[in-house]
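Q: I'm new to this structure and would like to learn how to read it. Could you take me through it feature by feature?

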Amino acid sequence: QVQLVESGGGLVQPGGSLRLSCTVSGRIFSIYTMGWYRQAPGNEREFVAAITSGGTTNYADSVKGRFTISRDNAKNTVYLQMNSLKPEDTAVYYCKLGRGSGNWGQGTQVTVSS
C-alpha cells in the first residue's frame, strides 16, 4: 500500500514564499525519483520539478530560479520551496513517486493572490 501525503499549501501574496512537503509510506523512498506537478482550473497537469535518487534536479522553465526541490531520505519526504510566487503559480500541487505513471498524492492547494 503506497501513500503520498502533501502538505504546506495555502494562500500567499505575490512575491511571497511557501514550502510544500510530501511524505511517502509503503515504499523504499530513497531509490525513487520524486516529482512535483501542478494543475490549475481549466489547464492540463504540468511538470514543475523532479529530483532523482542521487539528488539531480530538473525544473520547468516557468519556475527556474524561483523553486527548489529537495529530499530528506531519512524522513521519506520531498520538499518544494517556492519563492517569488506569482499569481500564475496558483494551482493544486501534486507529489509523484517514480517515473512514468508513478503514484500520486492527493494534492495541496496553492493560491497566490493579493
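Q: How many bridges join strand β1 to strand β3, and which way do the two run?

A: Some ground rules before we start. This is a predicted model, where local features need pLDDT of at least 70 and side-chain atom pairs count only at pLDDT 80 or more, while totals for chains, interfaces and linings use all residues. Residues are numbered from 1 along each chain as its sequence is written, and side-chain values use heavy atoms, with hydrogens and water left out.
Now the idea: strands are DSSP runs of E, at least two residues long, numbered from the N terminus, and two of them pair if DSSP finds at least two bridges between them. Here β1 (residues 3–7) and β3 (residues 18–25) run antiparallel and are joined by five bridges. Look across from E6 and you'll find C22 in β3.

Q: In what order do the strands of the open sheet come?

A: The open sheet has four strands in the order β1-β3-β8-β7, paired antiparallel. β1 and β7 (67–72) are at the edges with a single partner strand each, so one side of each has no neighbour in the sheet. On average, neighbouring strands here are turned by 15° against each other, direction ignored (axes are lines fitted to C-alpha atoms, and angles run from 0 to 180 degrees between N-to-C directions).

Q: Which residues stand opposite each other along β8?

A: Take one partner strand at a time. β3 pairs with β8 (residues 77–82) over six bridges, in the antiparallel sense, and there R19 is opposite Q81. β7 also pairs with β8 over six bridges, again antiparallel, with S70 facing Y79. As a general idea, side chains in a regular strand alternate between the two faces of the sheet.

Q: Is T77 buried or exposed?

A: We go by relative accessible area: buried is under 20%, exposed over 50%, and partly exposed in between, using a 1.4 Å probe and protein chains only. T77 belongs to strand β8 and is buried, at 5%.

Q: What is T77 in contact with?

A: Contact means heavy atoms within 4.5 Å. Setting aside neighbours within four places in sequence, T77 is in contact with several residues, including C22, F29 and S70. The T77 side chain also reaches the backbone oxygen of K75 at 2.8 Å.

Q: Which residues form a disulfide?

A: Look for a pair of cysteine sulfur atoms within 2.5 Å. The count by that rule is one: C22 and C95, with sulfur atoms 2.1 Å apart. C22 is in strand β3 and C95 in strand β9 (residues 91–97), so the pair ties together parts 73 residues apart in sequence. The torsion about their S-S bond is about -85°, so this disulfide is left-handed. Both C22 and C95 are buried.

Q: How many residues lie between the strands in the hairpin of β4 and β5?

A: Find the two strands, then read what sits between them. β4 (residues 34–39) and β5 (residues 46–51) run antiparallel, joined by five bridges, and R38 is opposite E46. Six residues lie between these strands, and G42 takes a positive phi near 80°.

Terms used
Polar contact = N/O pair within 3.5 Å; in protein donor to acceptor, adjacent residues only side chain to side chain.
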